[in-house]
Amino acid sequence: MILAAWNVNSLNIRLPRLLPWLETARPDVVCLQETKLEDVKFPVQAIADAGYSAHYAGQKTYNGVAILARRELPVEDVRMGIDGFADEQKRVIAATIAGIRVVGVYVPNGQSVDSDKYQYKLAWYAALAGMLRSELARNPNLAVAGDFNVAPEDRDVHDPAAWAGQVLCSIPERSAFQALLALGLKDSFRLFEQPEKSFSWWDYRMLGFPKNHGLRIDHVLLSDALAARCTASRIDRNMRKGEKPSDHAPVLVELL
DNA sequence: ATGGCAATGTTTCATTGA
């Protein structure tokens with residue numbers, strides 16, 4: 001089974017990239033972030049025609065998450081948001097698919113370390129940790145996939161000196177990310193040997209992609225039970241090429 | 001030293017993203 005996560009930066013604009021990718025990558029489950037669509041505008045039919053069911057929680061302009069699953073897979077216990085954490089922003093969707101609890105997340109960006117949005121990001125991370133603790137207690141087969149807006153280590157940053165202390169790389173954010181791992185989750189990417197300078201996001205500006213000036217901020221975290229079943233974890237950086245790419249590449253894991 | 005792109009709605013600029 002292949003599980004993927006992709007920040008599409010507008011599902012509307014990215015549908016012509018998503019549909020062919022579903023055909024070639026053939027993921028079984030896909031968590032999408034930044035759909036930027038109200039639910040009434042979700043392209044249910046196009047995705048059904050591609051062979052996938054869709055569950056989604058969206059809003060106009062910002063945020064928005066979805067879980068796609070191959071049509072033959074049962075999708076159960078779909079839930080949106082974080083229990084007990086009031087939030088207008090659509091950033092979390094969870095579903096149980098073929099016995100795996102999948103949580104799709106779009107973590108707040110934080111804007112800059114002196115911003116109110118940064119404080120919201122840290123509070124949000126704490127709430128997510130609370131949710132994942134109880135999810136893990138309920139189902140040991142847990143995968144958390146999406147845009148975490150944190151580069152966990154310096155090797156996940158093209159220029160660690162320039163980014164030191166900046167949003168996405170600051171110590172409190174990295175600690176918040178580590179707190180998720182401390183619940184009993186693994187960063188699937190680091191279960192395997194990987195190419196140097198592997199990133200999942202590149203700025204549209206300043207020739208970010210051609211110069212490989214990127215960050216690895218999109219992740220698939222796996223519980224120990226799932227990590228034991230994981231045979232590969234990779235970033236599909238080819239999707240950052242071509243016509244109208246998202247600024248994020250999809251991340252994928254293969255599970256036995 | 002700085003900005004440089006893309007998407008959206010508030011649309012011919014402002015805001016956000018990362």
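Helices (H or I, at least four residues) and strands (E, at least two) are DSSP runs, numbered from the N terminus. H1 covers residues 11-25 and spans only 18 Å between its end C-alpha atoms, whereas a straight helix of 15 residues would span 21 Å, the expected span being 1.5 Å times one less than the number of residues.

This is a predicted model, in which local features need pLDDT of at least 70 and side-chain atom pairs count only at pLDDT 80 or more, while totals for chains, interfaces and linings use all residues. Residues are numbered from 1 along each chain as its sequence is written, and chains are lettered from A and ligands numbered from 1 in the order in which they are written.

Leu11, Arg14, Leu18 and Trp21 are buried in H1; a residue is buried if 20 or more other C-beta atoms lie within 10 Å of its own, exposed if 12 or fewer, and partly exposed in between, with C-beta atoms placed from the backbone. Strand S2 (29-33) is included in what covers these buried residues. Just after H1, Arg26 takes a positive phi of about 45 degrees.

Pro27 lies in the loop between H1 and S2, and it counts as buried because 23 other C-beta atoms lie within 10 Å. Leaving aside neighbours within four places in sequence, Pro27 is in contact (C-beta atoms, placed from the backbone, within 7 Å) with Ile2, Leu3, Ala4, Leu22 and Leu252.

Helix H3 (residues 116-138) has 23 residues and reaches 33 Å from its first C-alpha to its last, close to the 33 Å expected. Its buried residues, among them Trp124, Leu128 and Glu135, pack against strand S7 (100-106), strand S8 (142-147) and helix H5 (171-181).

Not counting residues up to four places away in sequence, Val102 touches several residues, including Leu3, Val29, Ile67 and Ala143.

## An exposed loop residue

Glu196 lies in the loop between strand S9 (185-187) and strand S10 (201-202), and it counts as exposed because it has 6 C-beta neighbours inside 10 Å.

Key: Contact = placed C-beta atoms within 7 Å.
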